[in-house]
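Biologist: Can you walk me through this one? I'd like to start with the contacts between chains.

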There are 4 protein chains.
Amino acid sequence: MSDLTPQPSDLTPQPSDHFTFGLWTVGWQARDPFGDATRPPLDPVESVERLSELGAYGVTFHDDDLIPFGSDDAARTQHIDRFKAALARTGMQVPMMTTNLFSHPIFKDGAFTSNDRQVRRYAIAKVMRNLDLAADLGASIYVMWGGREGAEVDSAKDIRAALDRYKEAVDVLCQYVIDQGYGIRFALEPKPNEPRGDILLPTVGHGLGFIEQLQYPDMVGLNPEVGHEQMSGLNFMHGIAQALWSGKLFHIDLNGQRGIKYDQDLVFGHGDLINAFFLVDLLESAGYDGMRHFDYKPLRTEDMDGVWASAASNMRTYLLLRERAASFRADPKVQEAMERSRIAELRQPTLAPGETYRDLPAVDEVDADAIGEAGYGFVALQQLAIDHLLGAR
Amino acid sequence: MSDLTPQPSDLTPQPSDHFTFGLWTVGWQARDPFGDATRPPLDPVESVERLSELGAYGVTFHDDDLIPFGSDDAARTQHIDRFKAALARTGMQVPMMTTNLFSHPIFKDGAFTSNDRQVRRYAIAKVMRNLDLAADLGASIYVMWGGREGAEVDSAKDIRAALDRYKEAVDVLCQYVIDQGYGIRFALEPKPNEPRGDILLPTVGHGLGFIEQLQYPDMVGLNPEVGHEQMSGLNFMHGIAQALWSGKLFHIDLNGQRGIKYDQDLVFGHGDLINAFFLVDLLESAGYDGMRHFDYKPLRTEDMDGVWASAASNMRTYLLLRERAASFRADPKVQEAMERSRIAELRQPTLAPGETYRDLPAVDEVDADAIGEAGYGFVALQQLAIDHLLGAR
Amino acid sequence: MSDLTPQPSDLTPQPSDHFTFGLWTVGWQARDPFGDATRPPLDPVESVERLSELGAYGVTFHDDDLIPFGSDDAARTQHIDRFKAALARTGMQVPMMTTNLFSHPIFKDGAFTSNDRQVRRYAIAKVMRNLDLAADLGASIYVMWGGREGAEVDSAKDIRAALDRYKEAVDVLCQYVIDQGYGIRFALEPKPNEPRGDILLPTVGHGLGFIEQLQYPDMVGLNPEVGHEQMSGLNFMHGIAQALWSGKLFHIDLNGQRGIKYDQDLVFGHGDLINAFFLVDLLESAGYDGMRHFDYKPLRTEDMDGVWASAASNMRTYLLLRERAASFRADPKVQEAMERSRIAELRQPTLAPGETYRDLPAVDEVDADAIGEAGYGFVALQQLAIDHLLGAR
Amino acid sequence: MSDLTPQPSDLTPQPSDHFTFGLWTVGWQARDPFGDATRPPLDPVESVERLSELGAYGVTFHDDDLIPFGSDDAARTQHIDRFKAALARTGMQVPMMTTNLFSHPIFKDGAFTSNDRQVRRYAIAKVMRNLDLAADLGASIYVMWGGREGAEVDSAKDIRAALDRYKEAVDVLCQYVIDQGYGIRFALEPKPNEPRGDILLPTVGHGLGFIEQLQYPDMVGLNPEVGHEQMSGLNFMHGIAQALWSGKLFHIDLNGQRGIKYDQDLVFGHGDLINAFFLVDLLESAGYDGMRHFDYKPLRTEDMDGVWASAASNMRTYLLLRERAASFRADPKVQEAMERSRIAELRQPTLAPGETYRDLPAVDEVDADAIGEAGYGFVALQQLAIDHLLGAR
């Protein structure tokens with residue numbers, strides 16, 4: 001056992017840990033493609049209170065999570081006022097908000113990229129209305145998950161035109177935010193498929209590429225989700241590293257996924273545990289200062305006690321992994337192994353200061369066979385990581 | 001049967017079709033992770049001659065495909081001269097070249113992003129040497145497939161540092177090309193995994209995002225490969241559409257893949273045939289004027305006759321799909337169905353000329369339920385596509 | 001073009017083609033995990049009538065598709081009587097029936113394998129009640145899809161105990177059918193995941209293995225579904241071949257799936273078209289005499305016109321593929337290519353009649369290198385198949 | 001920390017732990033589809049000695065691992081004698097052996113199911129010859145991995161005929177073992193793909209179904225491999241549970257795989273760590289008394305030191321997981337949680353002793369809504385498992 005053995009107190013979530021939850025997570029009634037709801041509706045006010053008790057920093061939501069679709073102005077005001085009161089009572093924050101552009105039939109062919117122009121206009125208006133509320137509640141990040149932007153069959157959509165419309169919508173919304181002086185930044189949330197057969201901007205990478213084509217690229221970043229990248233078989237830690245490297249990790253959705261299949265939204269860490277460990281290690285060592293936002297679904301088998309237990313599990317697992325990652329980094333044996341694996345050498349530029357390509361050795365001067373013989377010791381280093389993860393060092 | 005029934009002559013490949021093949025494709029000796037070579041080495045000169053007879057426009061190659069690794073200068077010259085003579089005899093072109101940065105043990109932890117700085121320096125030098133040959137042979141595109149840039153275990157590599165080094169290498173090589181006045185452009189080839197567990201720049205999207213961080217983004221585009229994107233479960237036609245939309249489709253690797261598994265490199269069209277149809281439809285209707293490059297492997301079960309038959313199959317399938325796509329687009333029933341599906345409406349900006357977001361209807365003014373009722377007729381349109389693909393209309 | 005060019009009449013579905021549809025397919029209201037229903041409820045009587053007009057042979061259904069969950073006896077009788085009248089009017093058959101053991105919250109941890117014994121008892125009773133109706137309507141096959149038999153997390157279920165209970169339930173139900181003299185046979189429907197994270201009996205193979213452990217293995221076979229096997233990345237035609245080889249292809253669910261992702265239930269042939277071609281080729285050449293049952297979902301984007309168009313597309317694609325497969329088999333060039341590939345030689349026993357292993361050559365007597373040189377010509381044969389599929393021969 | 005905190009001594013592998021390694025694992029020279037060997041050949045004698053020092057119980061091998069393909073009788077005898085001497089010196093056992101039916105070009109279309117009958121005859125003879133050696137060395141299990149039994153394209157093989165030939169080969173080999181009185185049992189090793197596009201008997205389930213069609217089903221069981229099942233996205237622990245339930249877990253191949261991609265053969269536990277934990281929990285609690293056989297590949301980046309470190313990592317991880325599983329089972333909080341989740345209730349038959357289906361309640365008598373309300377507490381139970389896995393309880 002290392003000296004870094006967790007103290008119980010370390011594992012109690014604190015607001016300073018910046019854990020946040022979507023209202024739609026604990027509030028999910030567990031309706032799925034083959035089954036009816038197994039849980040009653042949950043009052044957003046109760047969610048705020050319970051999550052606050054559990055140590056969360058805040059909540060996030062889609063417009064329709066708080067204010068049912070089609071509410072009139074009076075109802076709308078009432079929902080917002082009750083909610084604000086709960087925030088005030090608990091000190092909970094709303095650092096992020098988003099729009100539901102996927103549940104209502106009007107969005108069945110997409111929102112910003114629906115073939116129907118009326119739908120596209122409506123979608124932008126719906127976001128604008130909710131941006132006003134976001135600004136009012138102090139949210140600084142606004143997530144855009146384009147879950148319905150896509151197609152099941154390849155004849156259904158002119159993809160280049162769809163990207164034009166996607167860009168148009170984001171550009172218009174940036175303009176709106178600028179004009180209103182809201183100071184809000186957007187975070188696109190990639191997903192490869194489900195509910196559409198293929199969704200536009202399917203991965204972190206596609207999102208990064210898209211952003212560079214926008215009118216206001218600095219206002220737009222990403223909100224990558226663990227399970228979404230893993231649904232494409234991609235290494236989530238790698239994706240987050242590229243997002244950080246590009247200055248585009250504006251927000252993050254933490255959850256669990258067990259391989260390439262339907263979107264599971266398990267508790268964080270209940271999927272690929274090793275990758276979750278290295279993700280936390282990256283976020284913490286890179287100084288990521290945004291929210292640790294859980295976008296998960298309590299299993300359909302659970303009652304409300306199970307819902308709150310699952311909410312707590314997300315935070316506990318994050319804290320455990322944070323602690324394990326710290327002990328890994330601090331272990332002299334690990335540092336030795338990293339030295340053998342030449343981890344730090346990669347941070348050294350390939351050309352020394354002042355060098356140009358003219359200073360490189362000619363190909364024939366290099367003894368490639370000799371260099372090729374040296375081992376990298378990666379397995380030994382990884383086993384040390386597993387040992388720390390398992391609390392065995 | 002439509003009036004567009006193929007005439008035999010349409011299906012004979014012509015140089016004007018711009019079909020090209022890697023020397024490593026027909027020349028693959030069929031060594032795989034579990035088995036020895038089943039075919040003898042193939043002389044590049046024979047490849048040039050046979051592919052020319054089959055109607056190809058040109059060939060492409062890695063340095064080591066033509067000049068065995070470690071050849072001395074005399075041998076090098078001899079290999080190049082014989083090859084040039086074959087090109088001259090046949091009129092075959094070399095529009096693209098690339099470097100082998102993956103076979104030799106020196107590259108076992110990557111080339112541009114190896115933890116070992118010596119390796120990184122050697123890799124850049126190896127590319128520079130081959131760029132000289134590429135310029136000499138008139139290649140205008142230089143592909144960079146970073147197959148070894150990655151890791152199997154998450155502890156092995158500092159991904160952000162790796163991206164720094166990747167960028168450094170590409171920047172240096174762009175500088176070299178500029179300084180030499182070669183006029184060559186680079187095309188990055190994404191791949192999610194194999195031979196490494198996770199490869200950097202795993203998809204078209206990640207490549208697009210990376211390019212924007214480079215010093216000379218205009219000189220760098222993509223060389224997407226059918227199978228590589230499909231190994232991540234992504235829609236290849238969608239990926240190509242985003243690459244085109246971003247102005248980054250510099251080259252393309254055509255082949256076949258049957259779902260998420262090891263890299264199969266089947267004949268083009270022998271994988272996901274419907275997506276191949278829509279890919280050809282996109283390339284042709286978007287006016288893509290680059291090479292139709294086949295990067296496939298003749299099955300290990302085939303002898304040399306089978307190799308040449310498989311080479312011909314790639315081109316035949318492309319031509320068949322091109323013809324089917326043309327008949328699809330020309331069919332008035334298809335045009336009617338597209339009208340019903342509002343395909344063209346997506347090309348219409350969401351805001352009319354002169355409009356701003358202030359001109360959008362308020363959310364409450366829109367009858368969302370009514371708009372949500374209309375069907376899109378996508379299945380009927382797709383069935384027309386299948387009918388054309390099957391030659392049944 | 002071959003002489004087997006389709007005549008229009010061949011592509012009109014006839015009852016003799018034995019096409020059947022689940023009431024839940026055309027009747028799907030298009031509620032998905034992220035969206036509300038986009039279509040109104042559909043009266044089963046209308047489904048019977050419309051499908052009959054389109055040329056179907058019959059319909060199939062879960063108990064709750066016809067008789068809403070919780071109906072009292074009077075309502076139950078009324079639903080059944082109206083339905084029977086529609087069958088009588090149209091001549092439509094009900095060759096298969098099944099039970100809904102997945103929608104109601106009681107089944108949230110499974111039916112036959114719920115950890116809660118009350119649920120298991122209820123599930124068996126629900127099947128028994130519906131078996132009485134199945135016998136009354138003349139169904140000869142009863143499908144069991146255990147969509148909720150499984151778990152999301154590995155701690156949740158003792159899998160060996162679950163298989164004991166699964167076997168117990170099937171054994172009890174076989175006994176019931178025997179005792180009632182119903183002459184019904186059961187068909188298990190494998191699926192790897194969704195709605196549970198991992199479902200028991202995930203593939204055709206696991207179903208085959210399970211059946212052999214039952215008390216009445218002869219009464220139990222399989223109902224494989226295209227998309228379900230493809231969700232595990234498996235070759236559906238291969239799976240059907242093993243089911244046929246084992247005498248266990250009692251029924252089949254035809255639809256389309258585009259790779260490893262959520263369950264898409266596309267129109268038959270709108271997924272992996274080449275594999276669909278070889279599936280039809282196998283079913284027809286093996287003399288499969290069961291139903292061609294479509295278990296698909298009309299896209300959520302479609303209105304009711306689109307629903308009926310999609311139903312027709314399933315049958316049209318099957319008939320097109322049947323025709324293409326016949327022309328493939330009849331083509332002398334194909335027969336020649338099969339000869340070169342030694343397709344028929346595999347039907348010849350490895351030991352000749354009367355031979356034993358003692359008659360095999362000793363290892364050292366065989367010239368392995370020489371035998372290993374011969375090519376199999378598989379790519380050329382496959383290209384002929386593609387040509388026929390595309391209607392290009 | 002629980003009282004079950006590991007004592008160092010527990011983590012030292014002992015022969016009584018029954019850890020075994022294939023000679024081809026540590027001996028892999030790291031040639032992959034895109035790269036040359038990075039390590040020198042390894043003398044099997046050295047492997048025996050080093051693995052013995054590390055605490056292994058024995059080794060396993062393919063004929064060609066010990067005796068190079070094509071060796072004459074004198075060389076053969078010499079190889080065997082040296083190897084036997086090493087076994088005698090170290091006390092290492094050879095509990096399992098197998099045949100290489102995949103490397104040589106003769107097997108390029110399969111061995112038992114090659115379209116070429118000469119190949120099939122040769123393959124059976126090659127196995128027979130090696131069975132004699134297996135019996136001589138005291139192996140009780142003989143593994144058959146049919147890696148080349150399959151196809152890349154669907155036209156290439158009559159699958160039902162292939163299964164006939166597969167059965168014929170296994171039947172003949174069983175007869176041979178019976179006639180020779182060897183007392184050896186066969187273990188089929190399923191794999192979905194790679195090196196063939198689709199391999200016959202792709203999963204544990206398909207193997208189980210196939211065995212029941214054999215002439216001597218009692219002599220044939222399975223050798224499932226972690227990575228192979230996970231390459232189909234299947235839950236390995238579930239597959240092993242069904243194999244145990246069927247009495248067919250004759251042997252097991254332990255390694256690591258990170259999702260659906262090429263065959264990675266990582267160190268055990270370096271893939272899906274949570275599933276590995278539950279696998280060890282199952283093997284240990286089910287009283288599996290066979291070998292814990294590691295079939296992995298040391299990363300291509302490693303030198304020989306890294307090879308031996310990786311071999312040790314496999315055993316260490318198994319022992320760590322075994323300890324964690326024991327502490328999980330022993331924890332009263334876990335037992336309480338299992339009670340709430342009704343884990344043991346599933347072991348109780350659905351019909352009580354003496355009951356028949358007539359004793360089940362009528363459907364209408366059951367209050368389904370009430371039963372459906374109860375939660376199962378699975379997330380809380382799983383979090384306890386994660387806590388134990390992480391050494392945090």
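Modeller: One term to begin with: a polar contact is a pair of N or O atoms within 3.5 Å; within protein, one must be able to donate a hydrogen and the other to accept it, and residues adjacent in sequence count only if both atoms are side-chain atoms. This is a predicted model, where local features need pLDDT of at least 70, side-chain atom pairs count only at pLDDT 80 or more, and totals for chains, interfaces and linings use all residues. Residues are numbered from 1 along each chain as its sequence is written, chains are lettered from A and ligands numbered from 1 in the order written, and side-chain values use heavy atoms, without hydrogens and water.

Biologist: How many residue pairs are in polar contact across the interface of chain D and chain B?

Modeller: The rule finds 22, with both residues at pLDDT 80 or more. On the chain D side, the residues touching chain B are 12 nonpolar, 8 polar and 17 charged. Here Ala, Val, Leu, Ile, Met, Phe, Trp, Tyr, Cys and Pro count as nonpolar, Asp, Glu, Lys and Arg as charged, and the others, Gly among them, as polar.

Biologist: And how many salt bridges between chain D and chain B?

Modeller: There are 7, each a side-chain nitrogen of Lys or Arg within 4 Å of a carboxyl oxygen of Asp or Glu. B:Asp32 and D:Arg148 form a salt bridge, 2.8 Å from N to O.

Biologist: What area do chain D and chain B bury?

Modeller: About 3,400 Å², with 54% on carbon and sulfur atoms. Buried area is the accessible area (1.4 Å probe) that two parts lose on being put together, summed over both. In chain D, the residues losing the most to chain B are D:Phe34, D:Lys108 and D:Tyr262, together 22% of what that side buries.

Biologist: Switch to chain A and chain B. What area is buried there?

Modeller: About 9,400 Å², and carbon and sulfur atoms give 60% of that. Each chain puts in 105 residues, contact meaning heavy atoms within 4.5 Å. The rule finds 12 salt bridges across this interface. B:Asp364 pairs with A:Arg129 in a salt bridge, the closest N and O atoms being 3.5 Å apart.

Biologist: Last topic: at what angle do H10 and H14 of chain D pack?

Modeller: At about 90°, with axes 11 Å apart. That makes H10(D) roughly perpendicular to H14(D), the term for 65 to 115 degrees. Axes are lines fitted to C-alpha atoms, for helices over the stretch in contact, and angles run from 0 to 180 degrees between N-to-C directions. Helices are DSSP runs (H or I, at least four residues), numbered from the N terminus.

How values were computed:
Helices (H or I, at least four residues) and strands (E, at least two) are DSSP runs, numbered from the N terminus. Angles under 35 degrees count as roughly parallel, over 145 as roughly antiparallel, 65 to 115 as roughly perpendicular and the rest as oblique.
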